[in-house]
Amino acid sequence: MSKIAILGFGTVGSGTVEVFCKNKSNYCKNTGKNLDIKYILDIRDFPESPYADKFIKDFNVIVNDPEVTVVAELIGGKTFAYDCVKRALEAGKSVVTSNKELVATKGAELLRIAAEHNVNFFFEASVGGGIPIIRPLQQCLMSDEITSIAGILNGTTNYILTKMLKEGAEFAEVLAKAQELGYAESDPEADVGGGDACRKICILASLIFGEHIYPEDVYTEGITSITKEDAEYAANWGGVIKLIASAQKFGDCLEIVVCPCFVPVESQLSGVDDVFNAILVKGTATGEVVFYGRGAGKYPTASAVVADILNAVRNESKNIIWKEKGKESCVVDYEKQKHRFYLRANADKTKISGLFGDVSFLARQNAPESETAFITPEISREELNEKCKNMNVLGKIQIMYAFDEERT
Ligand code: HSE
């Protein structure tokens with residue numbers, strides 16, 4: 001007998017209950033166990049729900065019920081959710097979650113508690129929605145040394161950029177649609193400001209680095225300053241604009257960053273549109289592997305949660321282990337790292353060449369005479385900002401580094 005408790009009946013919580021109940025008989029057959037959802041915890045009432053008899057409001061009921069072996073935390077945030085997850089693990093119950101904020105900020109501690117109590121703490125749904133990425137990295141690619149990961153990790157911003165830049169839609173209108181479709185966070189600032197992608201790349205980086213990488217150590221920039229004009233220059237350069245989250249190991253150090261990038265059309269990430277996510281993983285033996293699928297939404301995310309529940313019930317998969325952060329941070333200061341950048345400014349070409357040296361100028365139709373757009377040689381963001389101090393900058397976007405580029 002394995003009873004399951006669902007915490008939170010929002011988009012992902014209700015999707016998880018639906019997916020589970022629809023396929024329950026198969027799950028029971030495949031696991032050989034009598035599985036069922038016993039409780040759904042939510043502060044709201046759902047008298048019309050077909051699962052109305054399962055709703056409770058007191059978490060103590062769950063934590064004190066020995067029949068409950070797996071708790072699915074789908075509340076979000078890191079206050080009440082953290083308290084529930086910690087107490088459930090300490091009570092000897094396995095926990096699965098889609099909560100990237102919780103994993104990115106408390107992952108090392110919760111993994112330690114899970115190991116101490118010989119239970120599972122799984123979070124496949126926290127990165128990439130329905131795309132399997134955590135378990136493949138932890139299991140299928142465990143033989144390899146993963147040196148870099150770069151991806152489109154936020155469905156909402158990819159949906160917004162696609163609709164704005166390809167179809168000419170307005171930002172506010174597309175954001176509202178993303179919320180309606182259940183893609184956006186409850187506070188969509190986490191999506192458009194890059195914070196959600198940052199949490200996800202921290203989780204992946206912690207996994208490949210074996211040490212907890214915290215969001216506050218990551219340079220993070222969102223998509224709010226991206227314009228149609230920038231997209232036209234990106235097309236002239238031979239690419240598109242995407243919000244890229246990347247982590248790259250070199251020696252004992254890690255460069256990790258979230259920012260909009262010019263992505264060349266040859267890159268496998270350039271054609272990833274709408275709510276889709278894609279994650280490029282590079283290993284020394286495997287070479288490049290790409291994971292692609294729906295990165296947000298009720299059912300894709302719910303499918304990953306239910307898979308984790310079944311893995312926890314079977315208790316066959318081992319927990320991931322990553323250490324707490326060491327005394328010395330392994331994350332390099334991104335703003336000191338050299339990259340190439342696209343710049344759009346009100347400045348003449350002679351001044352630009354004098355300041356930046358060998359640049360490549362870009363063009364777009366109907367650009368005002370005062371506007372100059374170009375690609376810089378390799379330069380750190382710090383130096384770039386210094387050079388731009390007295391310039392009227394209209395757009396500044398990093399060029400995605402070549403994935404096969406060697407870093408020293
Ligand atoms: N708001 C997130 C996104 C949900 O848009 O990717 C999935 O994590």
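R381 touches Y219, E221, C259, Y334, E335, Q337, F341, K396 and Q398, leaving aside residues up to four places away in sequence. The model is predicted.

R381 belongs to helix α13, which covers residues 381-387. Its relative accessible area is 3%. The limit for a buried residue is under 20%, so R381 is buried. Two polar contacts of its side chain stand out here. One joins it to the side chain of Y334, at 3.1 Å. Another joins it to the side chain of E221, at 3.0 Å. V272 is a separate matter: 109 residues in sequence lie between the positions of R381 and V272, and their C-alpha atoms are 27 Å apart.

Where does E221 lie? E221 is in the loop between β8 (219-220) and α10 (228-237). Is E221 buried or exposed? With 18% relative accessibility, E221 counts as buried, because the limit is under 20%. The side chain of E221 reaches the side chain of R381 through the polar contact of 3.0 Å. The side chain of E221 also makes a polar contact with the side chain of Y219, at 2.8 Å. Beyond four places in sequence, E221 touches G193, G194, L243, V258, C259, P260, R381 and K396.

**The ligand site**

Which pocket holds the ligand? The ligand sits in the largest pocket. The residues around the ligand are K100, N154, G155, T156, Y183, A184, E185, D191, D196, K200, G295 and A296. Two helices, α6 (155-167) and α9 (195-209), each give at least two residues to this shell.

| Residue | Protein atom | Ligand atom | Distance |
|---|---|---|---|
| K100 | side-chain N or O | oxygen | 2.6 Å |
| T156 | polar side-chain atom | oxygen | 2.6 Å |
| Y183 | polar backbone atom | nitrogen | 2.7 Å |

How much of the ligand does the protein bury? Taken alone, the ligand exposes 260 Å², and the protein buries 94% of that. K100 and T156 each use a side-chain atom toward a ligand oxygen. Y183 uses a backbone atom toward a ligand nitrogen.

**Two loop residues with positive phi**

Most residues other than glycine have a negative phi. D274 has a positive phi of about 55 degrees, although it is not a glycine. D274 lies in the loop between β10 (253-264) and β11 (276-283). Its relative accessibility is 26%, so D274 counts as partly exposed.

N366 also has a positive phi, of about 60 degrees, and it is not a glycine. N366 is in the loop between β15 (360-362) and β16 (371-375). Is N366 buried or exposed? N366 is exposed, because its relative accessible area is 76% and the limit for exposed is over 50%.

Technical notes:
Residues numbered from 1 in each chain as written. Predicted model: local features only at pLDDT ≥ 70, side-chain atom pairs only at ≥ 80, totals over all residues. Heavy atoms only, no water. Helix = DSSP H or I, 4+ residues; strand = E, 2+ residues; numbered from the N terminus. Buried < 20%, exposed > 50% of the residue type's maximum accessible area, 1.4 Å probe, protein only. Contact = heavy atoms within 4.5 Å. Polar contact = N/O pair within 3.5 Å; in protein donor to acceptor, adjacent residues only side chain to side chain. Near = heavy atom within 4 Å. Areas by Shrake-Rupley, 256 points an atom, 1.4 Å probe, with all protein chains shown as cover. 1 Å grid on protein atoms, 1.4 Å probe; cavity = no way out; pocket = protein on both sides within 12 Å on 5 of 7 lines; lining within 4 Å. Sits in = over half its atoms within 2 Å of the grid points.
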